[in-house]
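I open this notebook to record what I looked up in one model.

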Amino acid sequence: MKRTEQLEKTRQAILQTATRLFLQKGFAQTSTRDIAKEIGITQPALYHHFSDKEVLFLSVMTEFSRKVHQDINKVLRKHKLTPEEQLFEIVKVLKKHHPISIYDQYNQAIQLLSKSAQRKYNMIFVMDYLGPIGEYFKQPEVGLRADLLPREAAELFLASLSPVFGTYQVIGGHAITSDQRTKLIIDCIVNGLKRTPKDEII
């Protein structure tokens, strides 16, 4: 194998391993030593491709977030779905890609990154998460309240999704499926915790 091919193979292995570890453990709990060890290379070999952990993290999140954006857009193009079904499908996309809470992961990383890296990561987050989810809330059928902007609604929604990614309490009890629990959590986020007329026993 040519040296250029070997270097590219190593680069891809770094990106794949870093993506998995950053998503599973978060920015703070993932070290370049962990990544290099899993691949079977030295840290200096990793730094040949990525000068530091921030550069690697931003490279990972740029590529990864683009895929999330594409998958959310696919859901938004499914016009036969009701707004409730669309939102459920969007959350399924997020759960498929993220083993831990997106918003928690974002906030943790933002606190630890340099100012320059913060700006870059915030741009990624706005473009690939808040942007497409904001497009969902722009739809007239959704009926977003007048005192909220779609992007504000997207941010509030993402910030409220932590229970979907795991919680100390089994919301809805043990008798319901994971999808039913997700729908219950989404309903509570969107419609609140108060009893609605449809819940009243006639």
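Which residues of α1 are buried? I list T10, I14, L15, T17, A18, T19, L21, F22 and L23, where buried means under 20% relative accessible area, exposed over 50% and partly exposed in between (1.4 Å probe, protein chains only).

I note that the model is predicted, that local features need pLDDT of at least 70 and side-chain atom pairs pLDDT 80 or more, and that totals for chains, interfaces and linings use all residues. Residues are numbered from 1 along each chain, and side-chain values use heavy atoms, without hydrogens and water.

I looked up the extent of α1: residues 3–25 span 32 Å from first to last C-alpha, close to the expected 33 Å (1.5 Å times one less than the number of residues). Helices are DSSP runs of H or I with at least four residues. The buried residues of α1 pack against α2, α3, α4, α5 and α6, contact being heavy atoms within 4.5 Å. G26 follows α1 and has a positive phi, near 90°.

I then turned to the rings and found eleven aromatic pairs (centres within 6.5 Å; stacked under 30 degrees between planes, edge-to-face over 60, the rest tilted). Y106 and F125 are stacked, with 4.0 Å between centres and 15° between planes. This pair links helix α6 to helix α7, 19 residues apart. Y106 is buried at 9%, and F125 at 3%.

How values were computed:
Helix = DSSP H or I, 4+ residues; strand = E, 2+ residues; numbered from the N terminus. Phe/Tyr/Trp six-rings, centres within 6.5 Å; stacked < 30°, edge-to-face > 60°.
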